[in-house]
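Trainee: Could we go through this model together? I'd like to learn what stands behind each label.
Mentor: Gladly, let's have a look.

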Amino acid sequence: MDDVYAPPDEPLDILHDDAEMLVVSKPSGLLSVPGKGEHLSDCLIARVQAVWPQALLVHRLDRDTSGVMVFGLTPHAQRFLSKQFELRAAKKTYVARVWGRMTPKTGRVDLPLIVDWPNRPRQHVDHENGKPAVTDWRVLRDTETESRVRLMPQTGRSHQLRVHMMELGHPILGDPFYADGLARDFERLMLHSEELRIKHPDSGKMMRFRAAAPF
C-alpha cells in the first residue's frame, strides 16, 4: 500500500439524482469517507456534500475499488436504503480481473471472515470466529494468465471479494493487500462495482444503476 494518499482529481460522475437519493460512480483511489488525519480528509462523501450538503452515507467501497455508490438525501432515505443493505436486499454486482485461469466457470465461495488484527485492515478466513461471507462468481472470459469475472456478493463483509478470490488462488490483480509478484504489479486494484439494484425510498420501485468498468 502506498503511504502517500493522492486521490484522483476529477469531477463527480453522477448516475442518478432526485429528491431522495443520489447515485455516483466512485473513482479508484478515493476514500469513501475521511480517514484519520487531515491528509485523509478528501473523500467521496466530502466531495458530494460540497454540492449536496444534506447527503448521508449509506454504504462504502474500499479506497481502491471503483464504481456505484448510493447516498440518501433525507434521513428517511438513508434509513430506507441502509436497511436494504442490512437485510441483503440490495443486489450488488462487481467485475474483476483476477490472476490465472479460473475453473470451473461458475462457483460459490462460502468462507467466514474476520479482521486480521495484527495486520488490519487485512481480513482473513476464520472458521471459528469469522462472520458468514458468501460470494458467487462467474467467468466472463479468460486467458492463460488472467480471468475476467463477475462477482455477486451475498453478504457485505470488509474485503470479502478480495479475500475470497485470494483463497481460490486467483487474487484480484493490483491488490496491495492480497496479491504479490506479477499479480500485484498493476496500476490499480482491478475491482469495480458495476451494478446496484435497490428499491427507491419514495416509490419502493426497484431501481438499477450501472457504471461500466474502466478496465
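**What stands behind the labels**

Mentor: In UniProt, an unreviewed entry places the feature "domain: Pseudouridine synthase RsuA/RluA-like" at residues 21–165. UniProt positions are given in the numbering used here, feature names are shortened, and annotations may be inferred rather than shown by experiment. This is a predicted model, where local features need pLDDT of at least 70, side-chain atom pairs count only at pLDDT 80 or more, and totals for chains, interfaces and linings use all residues. Residues are numbered from 1 along each chain as its sequence is written, and side-chain values use heavy atoms, with hydrogens and water left out.

Trainee: Why is Asp62 called partly exposed?

Mentor: Buried means under 20% relative accessible area, exposed over 50%, and partly exposed in between (1.4 Å probe, protein chains only). Asp62 has a relative accessible area of 23%, so Asp62 is partly exposed. UniProt, in an unreviewed entry, places the feature "active site" at Asp62.

Trainee: What is Asp62 in contact with, leaving aside its neighbours within four places in sequence?

Mentor: Contact means heavy atoms within 4.5 Å. With those neighbours set aside, Asp62 is in contact with Lys26, His159 and Arg162.

Trainee: What makes a space a pocket rather than a cavity?

Mentor: Both are found on a 1 Å grid over the protein atoms alone: a cavity is a set of points where a 1.4 Å probe fits but cannot get out, while a pocket is an open set with protein on both sides within 12 Å along at least five of seven lines. Lining residues have an atom within 4 Å of a point. A volume is the space filled by probe spheres set on the points, which are joined across faces, edges and corners. The largest pocket holds about 1,400 Å³ of space. Its lining has 42 residues, and the closest to the centre are Arg60, Leu61, Asp62, Ser158 and His159. The largest cavity has a volume of about 50 Å³, and among the residues lining that cavity are Glu10, Leu12 and Arg47.

Trainee: What makes a group of residues a nonpolar core?

Mentor: The members are buried Ala, Val, Leu, Ile, Met, Phe, Trp, Tyr and Cys residues joined through side-chain atoms within 4.5 Å. The largest such core has 38 residues, and Phe71, Leu151, Met165, Ile172 and Leu191 touch the most other members. Apart from neighbours within four places in sequence, the contacts of Ile172 include Ala96, Val98, Met165 and Leu191.
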